[in-house]
Amino acid sequence: MKVSVIHSQTTIEFDWNTALLIPIFETKLPIQCEILKEEQEIFIQSIIDRDLFSGKENDILYVPFASPNLAGVILLGLGKKEEFHEEKMRRIAGSVINYTRNNKISSIVCDWNYISTEYIPPFIEGIILSQYIFDQYKTKNANEDKKTNPITNVTFIVSSEENIQTLNNQCEQTVLICNTVNMVRSLISSPANELTPQSFTTFAQNMFQNLPLKFQVLDKSELEREGLNGILAVGKGSKNEPMMMILEYQPSSSNTEKQVVIVGKGVTFDTGGICLKPHEGMQEMRYDMSGAAVVLGTMYILAELKLNIPVIGLIPLVENIPSGSALLPGDIIKMYGGKTVEVLNTDAEGRLIIADAMAYAQKNYAPKKIIDIATLTGGCIIALGHFCAGVLGNDKELIKELLHAGNKTGERLWEFPLWTDYEKLIQSDFADVANIGPKGEASTIVGGIFLKQFVENNILWAHIDIAGTAWGVKHIAYWDSKYPTGFGVRLLIQWLSQQ
């Protein structure tokens with residue numbers, strides 16, 4: 001999608017598939033729009049005067065014009081100005097797509113003279129993310145209307161006092177980030193017979209070919225040599241061998257003392273292993289590599305935008321499948337670094353591969369902070385539903401930073417406690433720790449407390465559980481509930497930008 005910002009005195013050429021969008025706060029009536037002709041403005045004002053449009057939040061009215069030069073006007077209600085924020089703009093923008101699609105509008109010009117320019121990026125996000133579809137496996141296109149009537153061009157008209165170059169740079173970055181989020185969503189949507197650990201790494205290798213980033217893959221033999229036994233144990237039941245991808249982004253001018261590691265859970269399909277999951281809904285377990293895809297997308301944006309912070313991305317990749325060689329309940333694994341784990345449930349596999357990756361990061365790099373992101377526990381959905389992700393960690397300031405970043409991007413987080421009392425729940429009679437706790441007790445916290453055992457005391461660490469937000473999100477206009485969300489990419493980029 002092409003996005004641009006121009007000054008109000010710039011001459012604009014409209015056409016038959018272009019609509020003028022006028023955002024209006026509830027208290028900002030009557031309208032003021034210099035772009036409309038006098039008779040058009042009188043007509044729009046008469047609609048407002050007759051209470052056909054109020055400016056309340058999500059009050060949207062499309063007014064068609066019998067003109068070859070302008071398809072019509074979209075009046076966009078923003079609600080009360082004092083209650084408005086970026087996430088509201090994102091969601092309202094997502095709702096606009098239904099009107100543009102139904103009226104065959106492919107281009108919108110936004111009169112932003114009376115709206116703060118800080119709301120331009122979230123408006124772009126709402127428009128781009130809400131148009132996402134995944135239909136490449138359909139031989140007969142059931143989404144033809146969505147494909148034939150997308151918004152391809154958005155122009156913002158701002159006052160002459162605004163810095164056009166800065167705003168256009170912001171728009172360019174926002175489009176890149178949103179396009180990457182949609183790429184991540186497609187990767188997550190890919191079926192497991194197409195997306196294996198091997199094809200994931202091939203996709204990534206092609207993706208980073210011309211970017212300033214070091215790319216490395218540890219295959220099965222290298223995992224064995226390194227002693228990454230947690231990853232090997234989870235993946236040994238599948239014919240598709242486990243791997244770990246290492247992505248190193250090191251800007252020459254950056255401070256290596258601020259090095260960050262991000263780890264993403266990459267289970268390309270999770271049957272539960274020997275502890276097999278129920279068959280209902282198991283097809284959704286192709287989404288269990290959402291964390292891995294989020295880390296991949298984040299590293300891509302870092303390299304494209306050339307952000308000045310050194311980041312290591314670690315992506316362990318496995319299939320968790322039962323077979324004669326699969327991991328068994330009761331098995332004891334000597335993890336990377338030497339700590340032993342008794343496996344009480346083979347369906348608690350994500351924490352095993354993440355723990356190995358985090359231990360590897362601490363031994364081979366010098367991270368000050370580690371963030372892991374994973375679809376880790378169904379208990380997170382029970383606790384929080386689909387409207388926010390869980391976050392746990394060993395540093396209050398780091399948690400506070402992530403909460404702030406999530407509020408900024410609309411990818412909200414809620415903190416769970418990590419009190420030492422919970423460590424008693426993963427005590428094992430036969431190993432250092434068990435990989436699960438008692439049934440039905442604090443499963444999300446137990447997942448976090450397990451991972452904490454593999455973090456050194458001098459490392460700041462946070463774990464983000466996206467089990468409820470990676471897919472299945474309803475009632476948010478820019479996230480179609482049929483598709484994964486890409487939750488976490490914008491949050492991590494926002495957080496990294498703050499660093």
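Trainee: Is the crossing of helix 3 with helix 5 left-handed or right-handed?

Mentor: This is a predicted model: local features need pLDDT of at least 70, side-chain atom pairs count only at pLDDT 80 or more, and totals for chains, interfaces and linings use all residues. Residues are numbered from 1 along each chain as its sequence is written, and side-chain values use heavy atoms, with hydrogens and water left out. A crossing is left-handed if the near helix is turned anticlockwise from the far one by less than a right angle, and right-handed if clockwise. Helix 3 passes helix 5 in a crossing that is right-handed.

Trainee: Which residues of helix 14 meet helix 9?

Mentor: The axes of helix 9 (residues 290-305) and helix 14 (residues 489-498) come within 9 Å and cross at roughly 45 degrees. That makes helix 9 oblique to helix 14. Contact means heavy atoms within 4.5 Å. Val294, Gly297, Thr298, Ile301 and Leu302 in helix 9 meet these residues of helix 14: Val489, Leu492, Ile493 and Leu496.

Trainee: How many residues of strand 11 are buried?

Mentor: Buried means under 20% relative accessible area, exposed over 50%, partly exposed in between (1.4 Å probe, protein chains only). Val311, Gly313, Ile315, Leu317 and Glu319 point one way, and Ile312, Leu314, Pro316, Val318 and Asn320 the other way. Strand 11 covers residues 311-320, and its buried count is 10 of 10.

Trainee: Which strand pairs with strand 11 in the antiparallel sense over 7 bridges?

Mentor: Two strands pair if DSSP finds at least two bridges between them. Strand 9 (residues 260-264) pairs with strand 11 in the parallel sense, over 4 bridges. Strand 10 (residues 266-270) also runs parallel to strand 11, joined by 4 bridges. The antiparallel partner over 7 bridges, residues 243-249, is strand 8.

Key:
Axes fitted to C-alpha atoms, helices over the stretch in contact; angles between N-to-C directions. Helix = DSSP H or I, 4+ residues; strand = E, 2+ residues; numbered from the N terminus. Parallel < 35°, antiparallel > 145°, perpendicular 65-115°, else oblique.
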